[in-house]
Amino acid sequence: VMAPVTQSMVKASSASASKAPSARPSAGMNQGRGRTHSTMVHASSSAQEAQEESSVPAAVTPRRALLKTSFSLTSAAAASSLLTPVAPAIAGIFGDDSNANSIGNSWEKVNLGLESGVVLQDISFVPDQPERGFLLGSRQTLLETNDGGKSWKSRDVSKSSGDDINYRFNSISFAGKEGWIVGKPAIMLHTSDGGDNWERVPLSAKLPGTPVLVKALPGAGQAEMTTDQGAIYVTSNTGYTWKAAVEETIDATLNRTVSSGISGASYYTGTLSTIARSDDGKYVAVSSRGNFFMTWEPGQTFWQPHNRNSARRLQNMGWRRDGGLWMLTRGGGMFFAKGTGVQEDFDEETVGSRGFGILDIGYQNEKKMWAVGGSGTLLVSTDGGNSWKRERQADDLAGNLYAVRFDTPDKGFILGNDGILLRYIGKA
């Protein structure tokens, strides 16, 4: 049981940060076929860990940690490091027309000029400035666009950390001009001017797990942060204090309910590999080994575990617009829940994935759907997922595609490893 977190414990110390599993990109997706716009994050990937350099010292975080109702942080204004715009890390602007390669008639590859091994994690645009957006990833990658994603320039934030840790930025979210970034080791950045300036918000060294998902909420200074151990915190004062939305971490819940009949849940010591948040604040998450999934919604005290209905282990899950679920399994399986609400009964779809895993799905509109995965797998459906066609032009991409998302029907992006960024150029 975790001791109460006092203000004296809360320091912007990264040296004692936990070495948690790596995160893959989150996705703010327009979920079609009845799916809603949801935020997705892959919280763990051994394949990506193998690509990335890590100089982060390991630290022990209490596993069976009872989450305190709230905790305080030192003043963000007093302890923050101001991040100001700087020139691109490499001379020039990345991603101009001369650096774009077409992938069929719908996508183009934007060459960002990033070093090999960088995994793109997330992308978000400023609602008040729709042409302005930010792209982030591993090795402290943070890029900015002011033309809707056609070109990108680097934002150097290395001097803000005050240490030698190479942060991996996991998730970014905007509400109006207010934006938030979280990463590994535990770090949070905040802007109130659309990204002109960023400041660091201190996080407690006692935070259970690594922050892998952040959601900017309506209202000044409001945000929701989720870790790979299932801790969910909400702030209404720009991170000065946080209130816990759940009372314990997922491993504490599972080990307390070992007789629940959930396969693989007994004596559980893992984390969550993927986490998806719906617009109305509901969560679905996949266990690190993919043998079961968990759900949570506002008002519930604990995460709720569920068995998978497939012999294959789970890869990813997300929410539908009608409140139902979709599910991806290893080996390229795709399933859709038979009804709405949280359930364990799914129907499998026929998808020609060539045996490569499908890692994410997203909708451009109500009928047009895109699915991405390993070894350049790119699939499209124009009938809400009933039939699929492979975009063969993407087969030559030397990398994995982790996330697909559309900010609007005519502004979409696909994120992958080795700095792969695809921009949608087709019809809305």
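Which residue lies over the face of Phe125?

1. Basis of the note. The model is predicted, and local features need pLDDT of at least 70, side-chain atom pairs count only at pLDDT 80 or more, and totals for chains, interfaces and linings use all residues. Residues are numbered from 1 along each chain as its sequence is written, and side-chain values use heavy atoms, with hydrogens and water left out.

2. A charge over a ring. Lys411 lies over the face of Phe125, at 4.0 Å from the ring centre. A charge is said to sit over a ring if NZ of Lys or CZ of Arg is within 6 Å of the ring centre and within 35 degrees of the ring normal.

3. Strand β16. Strands are DSSP runs (E, at least two residues), and helices likewise (H or I, at least four), numbered from the N terminus. Five of the five residues of β16 (residues 223-227) are buried, so this strand is largely enclosed by the rest of the structure. Buried means under 20% relative accessible area, exposed over 50%, and partly exposed in between (1.4 Å probe, protein chains only). In a regular strand the side chains alternate between the two faces of the sheet. Here Ala223, Met225 and Thr227 point one way, while Glu224 and Thr226 point the other way.

4. Partners of β16. Two strands pair if DSSP finds at least two bridges between them. Strand β15 (residues 211-216) runs antiparallel to β16 and is joined to it by five bridges, with Pro211 opposite Thr227. Six residues lie between these strands in their hairpin, where Gly219 takes a positive phi near 110 degrees. Strand β17 (residues 232-235) also pairs with β16 in the antiparallel sense, over four bridges. The hairpin of β16 and β17 has four residues between the strands, and Gly230 takes a positive phi near 85 degrees there.

5. Glu224. This residue of strand β16 is buried, with a relative accessible area of 9%. Its bridge partner in β17 is Val234. The side chains of Glu224 and Tyr283 are joined by a polar contact of 2.5 Å. A polar contact is a pair of N or O atoms within 3.5 Å; within protein, one must be able to donate a hydrogen and the other to accept it, and residues adjacent in sequence count only if both atoms are side-chain atoms.

6. Aromatic pairs. Rings of Phe, Tyr and Trp (its six-membered ring) pair if their centres lie within 6.5 Å; planes under 30 degrees apart count as stacked, over 60 as edge-to-face and the rest as tilted. By this rule the count comes to twelve aromatic pairs. The rings of Phe174 and Trp198 have centres 6.0 Å apart and planes at 75 degrees, so this pair is edge-to-face. The pair links distant parts of the chain, 24 residues apart: Phe174 is in strand β11 (residues 168-175) and Trp198 in strand β14 (residues 198-200). Phe174 is buried at 9% relative accessible area, and Trp198 is buried at 1%. Elsewhere, ring pairs link Trp107, Trp370, Phe406 and Tyr424 into a cluster.

7. An open sheet. Four strands form an open sheet in the order β23-β24-β25-β26, with antiparallel pairing. β23 (314-319) and β26 (346-349) stand at the edges, each with a single partner strand, so one side of each is left without a neighbour in the sheet. Strand β25 (residues 333-337) pairs with β26 over four bridges, and Ala337 has Phe346 as its bridge partner in β26.
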